[in-house]
Amino acid sequence: MLMKKITLLDLGGTIASYIHNSTDEFYDQKGISLCSLLNELPLLENIEIIYECFCNKISHELTSDELLNLGNKIQKIVEDPNVFGLVVSMGTNALEDIAYFVSLTVKTTKNIVFTGSHFPQNSLAFDGKKNLFNAIIIAQSDTTKELGVVVTLNDAVISSRWATKNKPGISNDFSNDGIGTIGYVVGGVFHQRMRATSKHTFNSEFSIRAMTSLPKAVVIYAHFGMDIDYLEFVVNSKSTSGIVSAGYGKGYQTKEVSKLLNKAVLKGVPVVRCARSGLCITNVDASYDDKYGFVVASEFSPHKASILLSVCLSHGLPTNEIQRVFEEY
């Protein structure tokens, strides 16, 4: 029987934590090692798990430098010919951001599966053990290749491009009304029903090896009473490499704000228009986008738009190419 080596990369988070009482909302201490959880899983005899601890952090505390280090670590793991697939276990707060970044920058045809848990290990509702089992099942699948990076929670398998933690505090599967769901794990079997159409991993033009930093992409969120002085600071700051304009409706700002953002465009700082709601299908509006010189990020949440914009900037893409990238990725 051919052995399949699956690497489990542990980043900490809720799945690796304890709470004081089994019904508490917030965890406050480190739990048992994920190695102990692995010993409780009914894995097939031909699966060998290689455990590695990358860090033990709340996911949103990871820095840009640590994100780059993580991407390089993952690239190195999947380049090992003895590794069949990879599972990344981490906190869910920034899981969607990090999984999408990896899908853009890591080159591989192997399955990379991100998972975690909504509740700590000693919670009445602990879901981490099942999620971890499902992630391994997906990572070792023979019938599914070139999935890119996926996220699995609650038996669903979601493309990292669409994965969204849209119900914090409530157990969910990271899909947005089912959008991005490519399959399910049922009875220990991965059933793939869809495939991501956007570019990722093996056909991405980006590479983690080409990145030495993550350029700053500032998100401007539309709301009443916006601080124009702050916007002036962002536009004029030498550290601002790009701007994501998360606007009203399909991504519109007031005339005052739009004119100010146009100043950034004229200075060579790309501005990406997207909806502040996080899910919007829209086209280029010539009367707005062409007038102010904005890139249109249809169907992107503001935070994922900022990740893709940063990756584009790190590779030196001009504004017209950035528009193409937002349409293809």
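In strand E8 (residues 156-159) of this predicted model, the side chains of Ala-156 and Ile-158 point one way and those of Val-157 and Ser-159 the other way, and all are buried (under 20% relative accessible area, with exposed meaning over 50% and partly exposed the range in between, for a 1.4 Å probe and protein chains only). Strands (E, at least two residues) and helices (H or I, at least four) are DSSP runs numbered from the N terminus, and two strands are taken to pair if DSSP finds at least two bridges between them.

On these terms, E8 is joined to strand E7 (residues 149-153) by 4 bridges in the antiparallel sense, with Val-150 standing opposite Ser-159. The hairpin of E7 and E8 has 2 residues between the strands, and in it Asn-154 takes a positive phi near 55°. E8 also pairs with strand E9 (residues 181-186), again antiparallel, over 3 bridges, and here Val-157 stands opposite Gly-183 of E9.

A parallel arrangement is found in an open sheet of 4 strands, ordered E11-E12-E13-E14. Strand E11 (217-221) and strand E14 (295-296) stand at the edges with a single partner strand each, so that one side of each is left without a neighbour in the sheet. The pairing of strand E13 (residues 271-275) with E14 comprises 2 bridges, and Val-296 in E14 is the bridge partner of Arg-273. Helix H8 (residues 302-314) packs on this sheet, touching E11, strand E12 (242-247) and E13, where contact means heavy atoms within 4.5 Å. The direction of H8 makes about 160° with that of E12; axes are lines fitted to C-alpha atoms, for helices over the stretch in contact, and angles run from 0 to 180 degrees between N-to-C directions.

H8 also packs against helix H9 (residues 319-328), at an angle of about 135° and with the axes 11 Å apart. The two helices are therefore oblique to each other, because angles under 35 degrees count as roughly parallel, over 145 as roughly antiparallel, 65 to 115 as roughly perpendicular and the rest as oblique. The contact is made by Ala-305, Leu-308, Leu-309, Cys-312 and Leu-313 of H8 together with Ile-322, Val-325 and Phe-326 of H9.

Residues are numbered from 1 along each chain as its sequence is written, and side-chain values use heavy atoms, with hydrogens and water left out. Local features need pLDDT of at least 70 and side-chain atom pairs count only at pLDDT 80 or more, whereas totals for chains, interfaces and linings use all residues.
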